[in-house]
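Let's take a walk through this fold, one piece at a time. Have the picture open while you read.

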Amino acid sequence: MAQKCVFLDRDGVLNADRVDYVYKVEDLKVKKGVAEALQKLHNNGFLLVVITNQSGIDKGIFTEKDVANVHSEIQNQTGNFIKEFYFSPYHRTLTASLSTKPGSLLFEKAIAKYNIDVSQSWMIGDRFRDLIPAQKVGIKGILVENDYNETSDSYYSKDLLSAVDTYILGS
Ligand SMILES: [Mg+2]
C-alpha cells in the first residue's frame with residue numbers, strides 16, 4: 001500500500017539554524033513544538049523523512065560523521081520518529097548535483113524506496129528552495145516563518161507544529 005509521508009527540511013524547521021552551520025551536537029537546538037509535531041504525524045500514520053542540504057561537507061567544514069551525530073541527537077530529543085535522513089553533501093559552487101535542493105533527486109529516492117503516495121504527502125521547509133523540488137514531484141509544500149523574508153500566499157505557518165495542526169491534520 002502506498003504510504004503518506006511528511007518530508008522535512010532540517011535547519012530552520014527541526015532545529016534553529018546557525019550562520020556557521022549546525023554540525024556539533026552542542027550547537028543543536030531543537031525548536032519548540034517539534035517533538036510534539038513529529039509524534040502527532042507518526043500517530044496519524046505519516047512516514048517522516050528529512051531532506052537536508054549539508055554543503056559544509058563539500059567545503060571541508062565538517063564530515064558525514066558529524067552530520068550523523070547531529071541526526072542521532074535530533075532523534076534522541078524528538079522520540080525517534082524519523083524514518084530516514086537524506087542529505088546532500090554538495091555545495092553548488094563546487095559540485096553540481098541533483099541531490100542538492102532545489103534538485104529533487106533525494107525526494108525521488110525516498111518516494112521509490114517507501115512507495116510514497118505524493119498526493120497525500122507534504123514538504124515543510126523554511127526556504128522556497130525546499131518547496132520547489134517537492135512541487136516538481138507533486139508534493140504540497142508548507143513554508144514556515146524564516147529569517148529570509150520568504151513568505152507565501154498559500155501554505156504558510158509560524159512553525160512546524162502550527163503547520164501540522166493547521167494544514168496536515170487540520171485540527
Ligand atoms: Mg532550512
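Two strands count as paired if DSSP finds at least two bridges between them. Keep in mind that what you see is a predicted model.

## The sheet

With that in hand, look at strand β2 (residues 47-53): β2 and β3 pair in the parallel sense, over five bridges. Along this pairing, Val49 sits opposite Glu84 of β3.

Now zoom out. Six strands make an open sheet, in the order β3-β2-β1-β4-β5-β6, with parallel pairing. β3 and β6 (156-157) stand at the edges with a single partner strand each, so one side of each has no neighbour in the sheet. Helix α5 (residues 160-168) packs on this sheet and touches β1 (5-8), β4 (122-125), β5 (140-144) and β6. The direction of α5 makes about 140° with that of β5.

Next up is helix α2, residues 64-78. Its 15 residues reach 21 Å from the first C-alpha to the last, close to the 21 Å expected at 1.5 Å a residue.

Which residues of α2 are buried? They are Val67, Val70, Ile74 and Thr78. Looking down the axis of α2, the buried residues fall within an arc of 65°, so they line one face of the helix. The general idea is handy here: an α-helix has 3.6 residues a turn, so residues three or four places apart point the same way. The face of α2 turned away from the buried side carries Lys65, Ala68 and Asn76, which are exposed.

## Around the helix

What covers the buried residues of α2 includes α1 (34-43) and β3 (84-88). After α2 comes Gly79, with a positive phi near 95°.

How values were computed. Residues are numbered from 1 along each chain as its sequence is written. This is a predicted model: local features need pLDDT of at least 70, side-chain atom pairs count only at pLDDT 80 or more; totals for chains, interfaces and linings use all residues. Helices (H or I, at least four residues) and strands (E, at least two) are DSSP runs, numbered from the N terminus. The expected span of a helix is 1.5 Å times one less than its number of residues. A residue is buried if 20 or more other C-beta atoms lie within 10 Å of its own, exposed if 12 or fewer, and partly exposed in between; C-beta atoms are placed from the backbone. The arc is that of the directions from the helix axis to the C-beta atoms. Two residues are in contact if their C-beta atoms, placed from the backbone, lie within 7 Å. Axes are lines fitted to C-alpha atoms, for helices over the stretch in contact, and angles run from 0 to 180 degrees between N-to-C directions.
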